[in-house]
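Dear colleague,

I am passing on the structure below, and would be grateful if you could look through it alongside the notes that follow.

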Amino acid sequence: MSPVTITLLVILVVLVIAIVVLYFLGKKAQKKQAEQQELLEANKQTVSMLIIDKKRMKLKEAGLPQMVIDQTPKLMRGSKLPIIKAKVGPQILSLISDEKIFDSVPVKKEVKAVVSGLYVLDVKGLHGKQNTVPQKKKGFFKRTMEKLQEKAGAKPVK
């Protein structure tokens, strides 16, 4: 056998092993996420709060309890999280928001929020008009695809 084929076979074997390892790690992470989601759903409660401020901040700068910072993995401590400062009853708390709802959280408004510990799962407006987030401007390719799909009678891809 030539050295080129041996090198290609070795690279192929290493890639196959890497794919298998990533597959099993992905399955394990998916199970862990499902368990955590169940815990969040079991412990959720509705709370009325006044949203003071919202920002994406590093974990250490967010003003969260030291116990929360200690429990997070070292790799996650440097990443920015969506943090909401809110007045719940007489006290002001820093809460971690779900990434999906962070943009729709109104600032300086009273809301009813579904909270599980320090994690905000959902927010509904209580008083006043609900501010809608303006839609992002679509690019040339996206607009063209929608026009073509509309002419063809197909459902638009989201």
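**What was found**

A search across the whole structure turns up one aromatic pair. The rings of Y23 and F24 have centres 5.3 Å apart and planes at 75°, so the pair is edge-to-face; rings of Phe, Tyr and Trp (for Trp, its six-membered ring) are taken to pair if their centres lie within 6.5 Å, with planes under 30 degrees apart counted as stacked, over 60 as edge-to-face and the rest as tilted. Y23 counts as partly exposed at 49% relative accessibility, while F24, with a relative accessible area of 53%, is exposed (buried means under 20% relative accessible area, exposed over 50% and partly exposed in between, with a 1.4 Å probe and protein chains only).

Please keep in mind that this is a predicted model, in which local features need pLDDT of at least 70, side-chain atom pairs count only at pLDDT 80 or more, and totals for chains, interfaces and linings use all residues. Residues are numbered from 1 along each chain as its sequence is written, and side-chain values use heavy atoms, with hydrogens and water left out. The chain has a mean pLDDT of 87, and 91% of its residues reach 70 or more, pLDDT being the predictor's confidence in each residue, from 0 to 100.

Strand β2 (residues 80-88) is in turn antiparallel to strand β3 (residues 91-97), over six bridges; here A86 stands opposite L93 and V88 has Q91 as its bridge partner. The hairpin of β2 and β3 has two residues between the strands, and in it G89 takes a positive phi near 65°.

The pairing of β3 with strand β5 (residues 119-125) is parallel and rests on two bridges, with I96 opposite Y119. Strand β4 (residues 110-116) pairs with β5 in the antiparallel sense over six bridges, and V115 has V120 as its bridge partner in β5. In the hairpin of β4 and β5, which also has two residues between the strands, G117 takes a positive phi near 70°.

Turning to the remaining helix, α3 (residues 140-152) has 13 residues and reaches 18 Å from its first C-alpha to its last, close to the expected 18 Å at 1.5 Å a residue, the expected span being 1.5 Å times one less than the number of residues. One of the 13 residues of α3 is buried, so the helix lies largely in the open. G153, which follows α3, has a positive phi near 85°.

With best wishes

Terms used:
Two strands pair if DSSP finds at least two bridges between them. Helices (H or I, at least four residues) and strands (E, at least two) are DSSP runs, numbered from the N terminus.
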